[in-house]
Amino acid sequence: MKSQYAIIGGTGVYESLFTSEKICVETEFGDIELDISDVQGNSIVFIARHGKQHAVPPHRINYRANLKALQKLGVKHIFATAAVGSLNPEYPSGSLVLLTDFLDMTKQRHLTFFDGSADGVKHVNMDDPYCRNLRKLFRMKANKNNVNFKGDAVYVCTDGPRFETEAEIKMMRLLGADVVGMTSVPEVVLAKELGMCYASVGIVVNMATGMESGPIQLEEIDEMLSQKKETINRMFLEIFSQKPDQRKCFCADSIVSL
Ligand code: HPA
């Protein structure tokens with residue numbers, strides 16, 4: 001079974017919405033379970049980043065297996081969601097933001113498919129880490145829908161699973177971060193290494209540590225996500241039904257071999 005389009009559902013957003021066929025894809029990094037649905041003649045792959053039971057914490061996600069499995073199915077376009085904490089007072093809880101760039105503060109993740117040997121030394125261009133065409137299509141769709149879309153955001157990725165300290169959040173603000181999460185790196189990088197278009201929508205579920213008085217409330221996070229998930233997935237599906245291709249971006253041509 002082949003499919004050009006995929007949705008990577010982050011925390012609380014995994015749901016295939018339609019009748020789907022479950023499949024298991026074997027990769028050299030591990031086996032991945034996915035769902036494929038036929039949505040009005042368009043085949044869409046759904047993958048739960050943290051596993052369907054939400055049992056895999058951010059630092060243990062097998063990012064390379066997830067992305068390889070999508071590549072094996074023929075996926076060229078991915079929309080992802082990411083629950084994020086906000087460092088930007090203009091992006092309160094409940095906002096949707098479009099990730100445009102990232103700061104990588106992870107320390108112990110497998111960040112690449114380009115591990116040398118027979119493949120030689122390869123690099124990947126990061127001019128547009130998140131696909132400019134998918135971002136444009138999402139922005140247009142969000143502005144037409146009443147979805148509390150606030151704008152572009154720089155994402156800082158931490159290993160987690162702990163939240164950040166107040167001092168760390170102060171430092172991240174100074175460095176230019178708008179939102180913080182634990183999963184977009186290396187996912188966005190691996191997609192680009194495979195020549196895929198990848199865009200991600202951040203769902204602000206809390207203000208980051210120290211941005212508001214009082215501790216982060218986990219029940220509020222759950223509530224926020226269940227309110228947003230269906231709308232966001234429907235927007236992704238509507239965009240995929242327009243059959244975006246790779247002619248309006250450079251994602252398929254980002255590898256630099258030396
Ligand atoms: N920090 C890191 N990751 C997160 C947060 C946060 O405050 N909220 C949701 N994911």
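Helix 1 of this predicted model buries Tyr-63, Arg-64, Ala-65, Asn-66, Leu-67, Lys-68, Ala-69 and Leu-70. The helix runs over residues 63-72, and with 8 of its 10 residues buried it is mostly covered. What do these buried residues pack against? Their partners are strand 1 (5-9), strand 2 (20-27), strand 3 (30-39), strand 4 (42-48) and strand 5 (77-86), together with helix 4 (184-193). Just past the end of helix 1, Gly-74 adopts a positive phi of about 95°.

Leaving aside residues up to four places away in sequence, Leu-70 touches Ala-6, Ile-8, Leu-34, Val-45, Ile-47, Val-75, Ile-78 and Met-196. Leu-70 also belongs to the largest nonpolar core, which has 42 residues. Within that core, the residues touching the most other members are Leu-34, Leu-70, Ile-78 and Tyr-155. Another core, of 31 residues, lies apart from it and includes Leu-98, Val-147, Ile-221 and Cys-251.

Strand 5, one of the elements that the buried residues of helix 1 pack against, contains Ser-86. Is Ser-86 buried or exposed? Buried means under 20% relative accessible area, and Ser-86 counts as buried because its relative accessibility is 0%. Its contacts, again without residues up to four places away in sequence, are Tyr-91, Asp-178, Val-179, Val-204, Asn-206, Met-207, Ala-208 and Met-211.

The view can now widen to the whole protein. Its secondary structure consists of 5 helices and 11 strands. Along the principal axes, the C-alpha trace spans about 50 × 45 × 35 Å. How does the radius of gyration fit with a compact globule? For 258 residues such a globule would have a value near 18 Å, so the 17 Å of the protein agrees with that expectation. Of the 258 residues, 54% count as buried.

Contacts across the chain tell a related part of the story. Among contacts with a separation of 6 or more, 83% come from residues 24 or more positions apart.

The accessible surface amounts to about 12200 Å², and carbon and sulfur atoms account for 48% of it. The protein carries 29 positive and 32 negative side chains, and 5 Å separates the centres of the two sets.

How values were computed: Residues are numbered from 1 along each chain as its sequence is written. This is a predicted model: local features need pLDDT of at least 70, side-chain atom pairs count only at pLDDT 80 or more; totals for chains, interfaces and linings use all residues. Side-chain values use heavy atoms; hydrogens and water are left out. Helices (H or I, at least four residues) and strands (E, at least two) are DSSP runs, numbered from the N terminus. The radius of gyration is taken over C-alpha atoms; the globule rule is 2.2 Å times the number of residues to the power 0.38. Buried means under 20% relative accessible area, exposed over 50%, partly exposed in between (1.4 Å probe, protein chains only). Contact means heavy atoms within 4.5 Å. Accessible areas come from the Shrake-Rupley method with a 1.4 Å probe; for residues, only the protein chains shown count as cover. Lys and Arg count as positive and Asp and Glu as negative; His and the chain ends are not counted. The place of a charge is taken as NZ of Lys, CZ of Arg, CG of Asp or CD of Glu. A nonpolar core is a set of buried Ala, Val, Leu, Ile, Met, Phe, Trp, Tyr and Cys residues joined through side-chain atoms within 4.5 Å.
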